[in-house]
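Trainee: Hi, could you walk me through this one? I'm new to it.

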Amino acid sequence: MSNQVRVLHYLNQFFGGVGSEDKANIPPECHEGPVGPGRLLQATLRSSSAGSVVATVVCGDNYIVENEQQALEEVGAALDRYKPNLVVAGPAFDAGRYGLGCALVCMAANARGIPAITGMHPENTGVLTHRLHLTAVPTGAEASGMQAAMERMVRLGLRLAAGEELGPAMEEGYVPRGIRRAVDHSQTGAERAYSMMMARVSGDEYVSEVQAPGYETVSPAPPIKDVSKANIALVTSGGLVPKGNPDNQVGGRARDFFRYSIDGLDRLGTDDWESVHMGFSTVHLNTRDPSYVLPLPIVREIEREGVIAGVYSHFLSTTGNGTPVTTARRMGSEIGSELRAAGIDGVLLVAT
Amino acid sequence: MAKEIEKTGIPVAVLTALPIIPLSVGAARVVRGVRVEHVCGDPRLTPEVDRKLGRRIVETALEALQTEVDGPTRFVPPDEPLMEELGLGV
């Protein structure tokens, strides 16, 4: 039994069965054996008699991203205690903070010399921020892909645990890390470039050897010279809408933004406004103060003091939760055109 | 979203509890807020201190809008001693 792989599994509060967004602030908890989808992980490991889940760490999505250092110390203590040969995190699908948490846990494991694997949507925040350090199998957005994701994570994870080095991402089926390695080719660069060019002109398929970077670089706009002459617009991705949600804004994967008048308005009350965001607990916004995602009272105060010249008559609002990059780009471009036409000099964008 | 707005020539200050996200996708001016559930303030504070904290965050955002940057830049409101004192440090 000495060649049995000891796996430590990482889950968020939701998959760990603790609760929903209201439990997203819980610190790490350690359990012996598998929990929730860990049972599927256990079954997958056992079907190949490869090993078992020795422990599961469950942590709140907010806790791990907001208290990274403390959270990782506690995860580290669990790693020291259970001495796993492999850490499996998630899969996180398109859940951004969960994906970021999985990435942090994998990196904490790697720092201790323990191989780690995770699974998430290729556009997940975890990939965006830590791509270079992550072995992640790509998943869809929905948790219905759990079984397929788990099987692929186990397949690659066991190879990592055995000390194998994985081949290129495209061949092995993990999310490209953006690492280029020196390899032996039977053809010279000129020959490969020629074949690629011929494939391209004849409309055949080919794969570039240099993958384009995932994110477009935009030159920053010039700063505001005199803020006391500036008109400022407020934008939020906090899902803020008039009470009753007249435009039926959604709580996640929003495709639209809406504009709401704040003309003559000094503050936002919970009687008239609400957040429909479903990616975090909106209890503070909806019972105490919606301005936590749209600082209108403060902006009005500095407007009265003459710090800024004026505030755009409307605020623009969307729900930033699992929004695909292409959608975010389109919304940003439309918002930009509108604000440009309105003579706006600067934007405060609250991103939740 | 912020990048597309910046493309039109208008500077954007992104206020967020998780600066690493906009910074890694290339947003130019990123201001650290409090927490995901309450970016521009903190309901655990008294309304007066909460307001003060919110004001510092917005002032930092205005400062960011007036700052020349050549790439993703993080701006931190000068409230860290206050937040740490209250046990709210990130």
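Predicted model: local features only at pLDDT ≥ 70, side-chain atom pairs only at ≥ 80, totals over all residues.

Trainee: Okay, how is chain A divided?
Mentor: Chain A has domain 1 (5-172) and domain 2 (227-350), with bounds from an automatic or database domain assignment. Their centres, taken over C-alpha atoms, are 35 Å apart.

Trainee: How many residues of domain 1 of chain A are in contact with domain 2 of chain A?
Mentor: Six, and they meet five residues of domain 2 of chain A. Contact here means that the C-beta atoms, placed from the backbone, lie within 7 Å.

Trainee: Switching topic: what order do the strands of the open sheet in chain A follow?
Mentor: The six strands run β2-β3-β1-β4-β5-β6, with mixed pairing. Strands (E, at least two residues) and helices (H or I, at least four) are DSSP runs, numbered from the N terminus, and two strands pair if DSSP finds at least two bridges between them. At the edges are β2 (29-32) and β6 (136-138) of chain A, each pairing on one side only.

Trainee: And how do β2(A) and β3(A) run?
Mentor: They run antiparallel, joined by four bridges. In that pairing, E32(A) has A55(A) as its bridge partner.

Trainee: Now helices: at what angle do α1(A) and α6(A) cross?
Mentor: Helix α1 (residues 38-47) and helix α6 (residues 146-161) of chain A cross at roughly 50 degrees, and their axes come within 10 Å. Axes are lines fitted to C-alpha atoms, for helices over the stretch in contact, and angles run from 0 to 180 degrees between N-to-C directions. The two helices are therefore oblique to each other; under 35 degrees counts as roughly parallel, over 145 as roughly antiparallel, 65 to 115 as roughly perpendicular and the rest as oblique.

Trainee: Which residues of α1(A) meet α6(A)?
Mentor: L40(A), L41(A), T44(A) and L45(A) do, facing a group in α6(A) that includes M150(A) and V154(A).

Trainee: Last one: how many residues does each chain bring to the contact between chains A and B?
Mentor: Chain A and chain B bring 45 residues each. Strand β13 (residues 346-351) of chain A also runs parallel to β1(B), joined by five bridges, and V350(A) stands opposite L15(B).

Definitions and conventions. Residues numbered from 1 in each chain as written. Chains lettered and ligands numbered in written order. Contact = placed C-beta atoms within 7 Å.
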